[in-house]
Amino acid sequence: MKSFVSISTKLIVLMLAISISSIAITTGLAYNFADTIIKDNFKESLKDESQTRGDTITSIIESRIDKLQEFSENKVLVNAFDVLIPALNDVSFDRILDEQSPKLHHEFHLFQLNEFEAGIRDLQIINMRGKPIFSLNEKIDPTTYVKGNYKVTAPTVEFIQDIDKIRLMKISLPVYSEHGNQDGVLIATMGSSVFDNILLNRFGLHDSGEVYLVNQNKMMISESIFFENAQFNQKVDTFAVSECLENGKNVEAADYTDYRDVDIFGYSYCKPDLGFVLLTEVDEAVILKPITELQNRIILVGISLIVIASIVTFILSKRISNPILKLRNAAQELSSGNFDVRTNIKTNDEIEQLSTSFDNMAKTLQESISAIGKRENIIKQQENILSKFTEQKRDGYVCLIDLIGSLQLTQTLSEDKKIQYSKIFTDSVIPVIKKHEGIPVKVIDDAILFYFPLSANEQKSLSDTLNCCLELSKLEPELNEKTKSENLPGMSYRISSAFGAVNEAKTPDSSLDDIFGEPVNTVFKINQYALPNTVVVDYTIYEKAKVSNFKFTKLAKSLIKGLEYTLFIVSSKS
């Protein structure tokens, strides 16, 4: 005699098999797909940050080398070498040096005042015999000779730390005579804190993301977000550093262990000729955390669905035995569109259960059709509302003011303090924008996007834009006085502006709801090139305002995702 297996058991087993298989396949595919998507997104983000920040630091260093090379070609300096080289004994050298020293000091101060704003802490010029012929900070003893490796044939960069633990950058470069012979070497020492704003900027990084510099001795030479006093104390002997210093190669999208023995995902920007390698890294656990959470949620939802499906299957399986003929006729009526049909079979057995199931199905279909009809009406209403939303395209000046490092500064504050911190910023900035007839469009996290439409008086629109930005750049004392009185962190910010065609999105009441267009994208991209509390503008604004009462300082070449931008820092001539 064959064993009996009920329909309920068969349906439950079938439903469990399908559900478990579907969940297992979905979990595996979701995990692999999410892993690929998240890592690809991190790759692009970290690559952009590494390239952009590395190019900025390289540009600063190369700019300083170029300026120092210009000074090394100064005629007064070259002439000093020419008259000092024949003076072989200390007496004649000392006498000629006394004559040349005031001239050299005068030329250096003119150079630093007019050409070089980096703040040189020390400058020495040494001839090829090892005798100093110029020193910025101490009197030269003609009987002394410089010890150590002071002879260089090409510009070299070295990051060092003085006895007061101050981080410095030392640039050495050869000095040539008019005849092309090397007469000596120029050694300039200056602060390197200018790189901190570039490295500690949290834009484009996760909470555990870090950008830092390592010198040729494999020592960290910038601040660490994980350890205090890491500069020149923390050894960084990692895969990315070795690849740069030993093989001269960049590392892209690599998984390796960082100086904390933590698995990370990172990029390197290798510049051994300039004395550094820049590392951009994010903890791998942070990257994988969303994937793990997604996997756990899928499993939890899957188990819930299995339980629910099993219960529903068990209940439905008890209602499958209804009179076949009546069910057939009812099914035909149902297929013809009569959703009011009901079987109402009362047999007190499986047929009655099937009848009830059929009636429930008909009722559900009827409710679904009704719900679909209601949704169609709602969709039509939404389409009518959206049809009233209009866009207008016009030229204008788009501006962005963005707080620097606000996420890191406020991460330890309570929610009320964070709101208060943001309110101080917006309450101070927006009135200035409105004062100059600008339009505050929206507040995005710790940034404010505002807009000056091009009016009939084009020069007034341009003047309003630049005057507004410059007035905002002077708000720092007022903002910090307010934050200090509320026991909140200080504020610094960057301002950027670009000109172009903008799509204005307006609602039926004619109020400006949002703006779109290339100038909006541009101000977000170029904002990072402004120093704290300064204004950076694109080439279009420079062309429009270069003969006005504003001063423009061209920035070094800047690349963002392969696109070259010509940027200017703007200030008032007065």
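In which hand, left-handed or right-handed, does H10 pass H12? The crossing is right-handed, that is, the near helix is turned clockwise from the far one by less than a right angle. The model is predicted, with local features requiring pLDDT of at least 70, side-chain atom pairs pLDDT 80 or more, and totals for chains, interfaces and linings using all residues. Residues are numbered from 1 along each chain as its sequence is written, and side-chain values use heavy atoms, without hydrogens and water.

**View 1. Crossing of helices H10 and H12.** The axes of H10 (residues 415-435) and H12 (residues 476-485) come within 10 Å and cross at roughly 150 degrees. H10 is therefore roughly antiparallel to H12 (angle over 145 degrees).

**View 2. Residues in the contact of H10 with H12.** H10 contributes Tyr 421, Ile 424, Phe 425 and Ser 428, and H12 contributes Glu 478, Leu 479, Lys 482 and Thr 483 (contact: heavy atoms within 4.5 Å). By class, 4 of these residues are nonpolar, 2 polar and 2 charged.

View 3. Antiparallel strands E11 (residues 439-444) and E12 are joined by 5 bridges (pairing requires at least two DSSP bridges). Lys 442 has Leu 449 of E12 as its bridge partner. The hairpin has 2 residues between its strands, and Asp 445 in the turn has a positive phi of about 55 degrees.

View 4. In E12 (residues 447-453), 7 of 7 residues are buried (under 20% relative accessible area, 1.4 Å probe, protein chains only). Ala 447, Leu 449, Tyr 451 and Pro 453 point one way, and Ile 448, Phe 450 and Phe 452 the other.

Conventions. Axes fitted to C-alpha atoms, helices over the stretch in contact; angles between N-to-C directions. Helix = DSSP H or I, 4+ residues; strand = E, 2+ residues; numbered from the N terminus. Parallel < 35°, antiparallel > 145°, perpendicular 65-115°, else oblique. Nonpolar A, V, L, I, M, F, W, Y, C, P; charged D, E, K, R; others polar. Buried < 20%, exposed > 50% of the residue type's maximum accessible area, 1.4 Å probe, protein only.
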